[in-house]
Every structure is written in structure tokens, then in C-alpha cells.
Amino acid sequence: MMDNNHVLCIYNRLHVSPHGDDDVRNKDEHERVLREAKISCDTVHISDRSFSNGDIIVLREGNNIIQNASVLYRLVTKSLICDILSGGDFYKTNDPRVHGNNIRFFLGFNSRPQRKPMFYKKGNKRYLLPDIHKKGEHLLDNMDENLKSNFGKLLKECENAVRRQHPDAFCDVFRNDFWRKLWSEIHWPNLCLSWEFVDISVKLPSQNMKCHLDYMNDYRTGYTYCAVISSVVDINGVLHRLTIIMASRKICGGVIDSIKKGIP
């Protein structure tokens with residue numbers, strides 16, 4: 001029943017242009033753009049032999065599995081899905097790329113400036129900051145403290161796995177500290193998380209997010225990496241796929257560049 005179940009693939013923007021959200025809906029066209037950008041576009045398949053007790057949880061970078069499931073993943077995923085499902089319509093989206101329960105929302109920084117502008121001030125200069133996703137804040141503010149702690153540790157474990165693979169990952173100490181103080185340290189003050197953005201979706205295992213390019217991910221050295229956790233979990237006899245994508249934001253890198261250059 002689980003044979004040929006597709007795992008979500010996300011591709012960093014890298015040097016693909018033009019900038020902005022990719023609105024191409026044709027898979028062949030997507031793959032042509034990816035190939036021209038020298039980005040792998042192989043589809044990942046999971047056979048039923050990969051499942052253990054009904055769950056499959058892998059941490060991936062691109063199409064490469066870089067770490068097998070840990071106990072921590074299993075402590076988080078089922079409770080997190082239950083939390084999300086208990087929100088009813090609150091976490092649902094009209095995004096056409098998400099099927100099934102149509103649940104998709106984000107943690108961390110938005111791809112655009114604040115609706116009610118907020119600024120970082122340095123001397124007599126002001127730098128416009130990106131918004132923080134409100135649905136994600138709602139989830140974290142209302143989450144059980146034990147689950148929230150384990151979820152933060154899970155995000156950190158993913159970061160550490162990427163760091164082990166890529167020594168240059170998250171190499172800008174000023175950038176990391178700057179964004180932590182504005183978001184992740186508010187929720188996890190002792191973890192020193194470097195992720196600036198987390199994409200969460202819940203859908204049926206047989207209904208997949210379409211192949212897409214994420215132009216909002218950063219292209220700067222050390223911040224092109226993303227990690228993905230895909231987990232299929234049985235909730236009261238119904239299988240749900242939880243996908244968590246962690247990445248860096250292009251807009252966050254742009255703010256840091258402006259601050260360092262002294263150009264608002």
C-alpha cells in the first residue's frame with residue numbers, strides 16, 4: 001500500500017533567476033529549470049520496506065538522506081500532528097500545491113517586510129525587518145511545554161546534522177545572533193537555533209506537494225542548506241504525512257548585508 005510513496009523535495013534558489021515565487025505548474029518545465037541550474041531533480045521513492053511501525057521519518061538535504069530517524073523524531077511527530085489537527089481550519093491553506101487536509105503554515109520570518117513596519121536601529125539609520133509568521137507563533141505559544149522543548153531540540157538536531165555535512169553552514173555569527181534574538185530565542189532560549197524559517201504541512205500520504213522551487217531561500221555562502229523531515233504517522237487509524245522543512249531566508253541575509261554595509 002505504501003509502495004512508491006513520494007517524499008517531498010525542496011530545491012534552494014541558488015543561482016536560478018528571475019527571483020520571486022515560481023508559478024510554473026508543469027513538472028517537465030520545473031525539471032528543465034532545475035537541470036539548467038544544475039540542481040538535482042530526481043524524485044525520491046520510499047518503498048514499504050522503509051516503514052517501521054507505520055512511520056517513516058528521515059532527515060534529508062536535497063535528495064540525500066543524511067541521517068536516519070532518531071528517538072527524538074518519534075517523540076515529536078505524532079503529538080505535533082495532533083496539535084495541528086486540533087486547530088481545525090486555523091492552519092488550513094488555499095495553496096494549490098497542498099492537497100489532502102490542505103494544512104500548511106510557517107514558523108519564523110516571512111519573505112516580506114512587516115505589515116506594521118518594525119525597524120532595527122543602528123546610530124541614525126533604520127533597517128526594515130521582515131514579519132514573523134502569525135500562525136506559527138500561535139502554534140508555539142499554545143504548545144505543551146514538553147512538546148515545545150522536544151520540537152526545538154529536533155530543529156537543533158537537524159541543524160547539527162547539516163553542520164556535520166557542511167563545515168561552512170551557518171558561518172555568520174552576527175547573522176545567527178541577530179535573528180535568534182528576534183525569534184528562536186524567544187521560544188528556545190538555550191538552543192542557539194540558526195534556522196530562520198520552518199515550513200510545516202500535513203497531508204495524506206498519497207497526496208504530494210508538487211515539485212517546486214523556493215526562491216525565498218537564501219543563496220549566500222553557508223545559508224543555501226535546508227533539511228527536511230518527512231513522517232507518515234497513524235492518527236486514530238488515518239495516515240497523515242507531516243513534512244517539516246527548515247531553511248534560511250533570502251530577506252534575512254539581505255538585512256544583514258545592509259547593516260554591515262551601513263546602507264538602510
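Tutor: Start with one residue and its surroundings. The model is predicted. Leaving aside neighbours within four places in sequence, Asp218 is in contact with Arg175, Tyr223, Thr224, Ser248, Arg249, Lys250 and Gly253.

Student: Where is Asp218 found?

Tutor: Look in the loop between strand 11 (212-214) and strand 12.

Student: Is Asp218 buried or exposed?

Tutor: Buried means under 20% relative accessible area. Asp218 has 0%, so it is buried. Its side chain also makes a polar contact with the side chain of Arg220, at 2.6 Å.

Student: Now the whole chain. How many helices and strands come up?

Tutor: The secondary structure has seven helices and 13 strands. The chain has 264 residues, and 53% of them count as buried.

Student: How do I read contacts along the sequence?

Tutor: Ask how far apart the partners are in sequence. Take contacts between residues at least 6 apart: 75% of these join residues at least 24 apart.

Student: Let me try a helix. Which residues of helix 5 are buried?

Tutor: First the general idea. An α-helix has 3.6 residues a turn, so residues three or four places apart point the same way. Now the case here. Helix 5 covers residues 173-182, and its buried residues are Arg175, Asn176, Phe178, Trp179 and Arg180.

Student: What covers the buried residues of helix 5?

Tutor: Several elements contribute. Among them are strand 6 (103-113), strand 7 (119-122) and strand 9 (130-132). Helix 4 (145-165), helix 6 (184-187) and helix 7 (250-261) are also included.

Student: What should I look for at the start of helix 5?

Tutor: Find Asp172. One of its side-chain oxygens reaches to within 3.1 Å of the backbone nitrogen of Phe174.

Student: Next, rings. How many aromatic pairs does a search of the whole structure find?

Tutor: The search finds 13. To read one, check the distance between ring centres and the angle between planes. Phe109 and Trp179 are 4.8 Å apart, centre to centre, with 65° between the planes, which makes the pair edge-to-face. Phe109 belongs to strand 6 and Trp179 to helix 5, so the pair links distant parts of the chain, 70 residues apart.

Student: Are Phe109 and Trp179 buried or exposed?

Tutor: Phe109 counts as buried because its relative accessibility is 2%. Trp179 counts as buried because its own value is 3%.

Student: Which rings link into a cluster?

Tutor: Ring pairs join Phe109, Tyr120, Tyr127, Phe151, Phe174, Phe178, Trp179, Trp183 and Trp188.

Student: Which charged ends sit over rings?

Tutor: Here are two cases. The charged end of Arg126 sits over the ring of Phe119, 4.0 Å from its centre. The charged end of Lys135 sits over the ring of Phe90, 5.8 Å from its centre.

Student: Last topic: phi. What is the general idea?

Tutor: Most residues other than glycine have a negative phi. Now look at Cys192. It is not a glycine, but its phi is positive, about 55°. Cys192 is found in the loop between helix 6 and strand 10 (197-203). Its relative accessible area is 37%, so it is partly exposed.

Student: And where is Asn236 found?

Tutor: In the loop between strand 12 (227-235) and strand 13 (238-247). Phi of Asn236 is positive as well, near 55°. Asn236 is exposed, because its relative accessible area is 78%.

Methods
Residues numbered from 1 in each chain as written. Predicted model: local features only at pLDDT ≥ 70, side-chain atom pairs only at ≥ 80, totals over all residues. Heavy atoms only, no water. Buried < 20%, exposed > 50% of the residue type's maximum accessible area, 1.4 Å probe, protein only. Helix = DSSP H or I, 4+ residues; strand = E, 2+ residues; numbered from the N terminus. Contact = heavy atoms within 4.5 Å. Polar contact = N/O pair within 3.5 Å; in protein donor to acceptor, adjacent residues only side chain to side chain. Phe/Tyr/Trp six-rings, centres within 6.5 Å; stacked < 30°, edge-to-face > 60°. Lys NZ or Arg CZ within 6 Å of the ring centre and 35° of its normal.
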